[in-house]
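I opened my notebook to record what I looked up in this structure.

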Amino acid sequence: MLKIKQKIGYGLGDTASNIVFQAVANFMLIFYTDVFGLSAAAAGTVLGVVRLLDAVTDPIMGGIADRTRTKWGSYRPYLLWVAIPFALLAVLAFSTPSLSDGAKFIYALITYAAMMMAYTAINIPYAALGGVMTTNPRERASLQAYRFTFAMIGAMLVVWCIPKLVAHFGSGDDAHGYQIAMVIMGGVAVLCFVACFYYTTEKPSEQAATPKGNIAVDFLSLFKNDQWLIVAAISLCILILFALRISVAPHYVKYYLGQDAAFLANFLLLSNLGAVVAAVCTNYLSRSVEKKTLLLLGCIGLAIFGFVLGVLPAHSTLLIVACFVGTQYCQNVVVILMFSMVADTVDYGVEKTGKRVMGMTFSGHLLAIKAGFGIGGLSAGWLLGYYGFIANQTQTAHTLAGIANIFGTIPSYFAVLCAGLVLFYKLDTRSVEAIQARAKLNS
């Protein structure tokens, strides 16, 4: 059994990751369109193109992490090695140099790509670390619940603080405000990564031998793991859903609801409180309810809340807030269980393919996540352009209806697809424990 301080320490790693990830998710698109000066389509292209790079860097990083051997373990060292570069690149990505439109596009592409490469270099080892802290399926679910509780703390810091920090330090100059805000947020992230390193351990008994063969072989072995493929497909759809909704949330508040930055901060804060409640509930419910059942219910709830959200008029503020909180609650239930299932698919994969590649498995999963995040972000920007969005202007009724559609209805179709995929998942707690028991007998 893991100690509480170990679970809290592990959770602080995702507080750090989410300080930057949520800044990108919630504010990057509106930063690019309303502050940096890119068109909606160009901004969406930046968010999408970088994901192509991840198709190469994610598996490579997974293979490197699996092959790393230090006195601190295979995965923990990256929490120290990459923390400061990660924070610095986040500041550069949210900086606005005085350049021509074409040069700005190139600058945005390069800095965003560099920041996401650093995210890959620190987040893949961090995710894999959870798989070598324990092999108990219920403890894995509990560990992920702690992780996402602290992830949502990072998210709440971001969504509540960044609009206020931008207003305070910018004093009307949002470009300067965003840069200073990210300096502060990046500093907090570094401290959290260091704390995560200090309070976690890799148990030697849980570590695998250095993988034989090349990284490409390790990556291709994932596609022989049908249960991993199902989890990866669910993750892809959930992140498309998430990126679509959250990327246009500031546009939805500013243009559809006609509210200011203070309302946006509270709107996003309340939704993340719903996600924290989900993390706590999932931690307790997963002890008595099968993960697959909870996952299916989460997908169904996510779809229902989203469809309702898509048809609510702008004056129904309380109902809109309630439904948005509901979507975030259900979404976090799905995400927590999704991550705990990845570690279970590693055990299944060992029995099926004979290869234990924890880092590669999580890197492949992160690739699916970032692909979904990129597709969702790209689609959000392109859809805004399709509906005729023009930054800092009064929007037409057609554009406003389109923003509501992107925020509510379109993401819900992906929740329905996820619910269908869950039906094909077969690794319940009993199955995983049986796989682990057979592995011990054969070792």
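My entries on cores, helices, cysteines, rings and backbone angles follow.

**Entry 1: the cores**

I note at the start that this is a predicted model. I began with the largest nonpolar core, which has 150 residues. Which of its members touch the most others? I found Met28, Tyr32, Tyr112, Met115 and Phe267. I then took Tyr112 and listed its contacts, leaving aside neighbours within four places in sequence. The list reads Val24, Met28, Tyr32, Val46, Leu47, Val50, Arg51 and Phe373. Another core lies apart from the largest one. This other core has seven residues, including Phe219, Leu222, Met360 and Ala368.

**Entry 2: H9 against H10**

Next I looked at a helix pair. H9 covers residues 226-247, and H10 covers residues 249-256. The two pack at an angle of about 35°, with axes 4 Å apart. Which residues make the contact? From H9 I wrote down Arg245, Ile246 and Ser247. From H10 I wrote down Ala249, Pro250 and His251. By type, the residues of this contact are three nonpolar, two polar and one charged.

I stayed with H10. Seven of its eight residues are buried, so H10 is largely enclosed by the rest of the structure. The buried ones are Ala249, Pro250, His251, Tyr252, Val253, Tyr255 and Tyr256. Just after H10 I found Gly258 with a positive phi of about 70°.

**Entry 3: Leu264**

I moved on to Leu264, in helix H11 (residues 261-285). Is Leu264 buried or exposed? It counts as buried, at 9% relative accessibility. I excluded residues up to four places away in sequence and asked what Leu264 touches. The answer is Phe27, Ala249, Pro250 and Val253. Ala249, Pro250 and Val253 are among the buried residues of H10. I also checked a backbone distance. The C-alpha atoms of Leu264 and His251 are separated by 9.7 Å, and the two residues are 13 apart along the chain.

**Entry 4: cysteines**

How many disulfides does the structure hold? I found zero. I checked Cys330 by hand. Its nearest cysteine sulfur belongs to Cys299, 9.2 Å away. A disulfide needs the sulfurs within 2.5 Å, and Cys330 is in none. Cys330 is buried, with a relative accessible area of 8%.

**Entry 5: aromatic rings**

I searched the whole structure for aromatic pairs and got 27. I opened the pair of Phe31 and Tyr32. Their ring centres are 5.8 Å apart. Their planes stand at 45°, so the pair is tilted. Phe31 and Tyr32 are both buried.

I then opened Tyr386 and Tyr387. This pair is edge-to-face, with 5.2 Å centre to centre and 70° between the planes. How accessible is each partner? Tyr386 is exposed, at 62% relative accessible area. Tyr387 counts as buried, at 13%.

I also noted a cluster linked by ring pairs. It joins Phe21, Phe86, Tyr119, Phe193, Phe242 and Phe373.

**Entry 6: positive phi**

Most residues other than glycine have a negative phi. Ser171 has a positive phi of about 45° and is not a glycine. Where does Ser171 lie? I placed it in the loop between helix H6 (137-170) and helix H7 (174-199). Ser171 counts as exposed, at 64% relative accessibility.

Asn392 sits in the loop between helix H14 (358-386) and helix H15 (397-422). At 48% relative accessibility, Asn392 counts as partly exposed.

**Entry 7: Thr409**

Thr409 counts as buried, at 15% relative accessibility. What is in contact with Thr409, leaving aside neighbours within four places in sequence? I wrote down Gly306, Phe307, Gly310 and Ala404.

Technical notes: Residues are numbered from 1 along each chain as its sequence is written. This is a predicted model: local features need pLDDT of at least 70, side-chain atom pairs count only at pLDDT 80 or more; totals for chains, interfaces and linings use all residues. Side-chain values use heavy atoms; hydrogens and water are left out. A nonpolar core is a set of buried Ala, Val, Leu, Ile, Met, Phe, Trp, Tyr and Cys residues joined through side-chain atoms within 4.5 Å. Buried means under 20% relative accessible area, exposed over 50%, partly exposed in between (1.4 Å probe, protein chains only). Contact means heavy atoms within 4.5 Å. Axes are lines fitted to C-alpha atoms, for helices over the stretch in contact, and angles run from 0 to 180 degrees between N-to-C directions. Ala, Val, Leu, Ile, Met, Phe, Trp, Tyr, Cys and Pro count as nonpolar, Asp, Glu, Lys and Arg as charged, and the others, Gly among them, as polar. Rings of Phe, Tyr and Trp (its six-membered ring) pair if their centres lie within 6.5 Å; planes under 30 degrees apart count as stacked, over 60 as edge-to-face and the rest as tilted.
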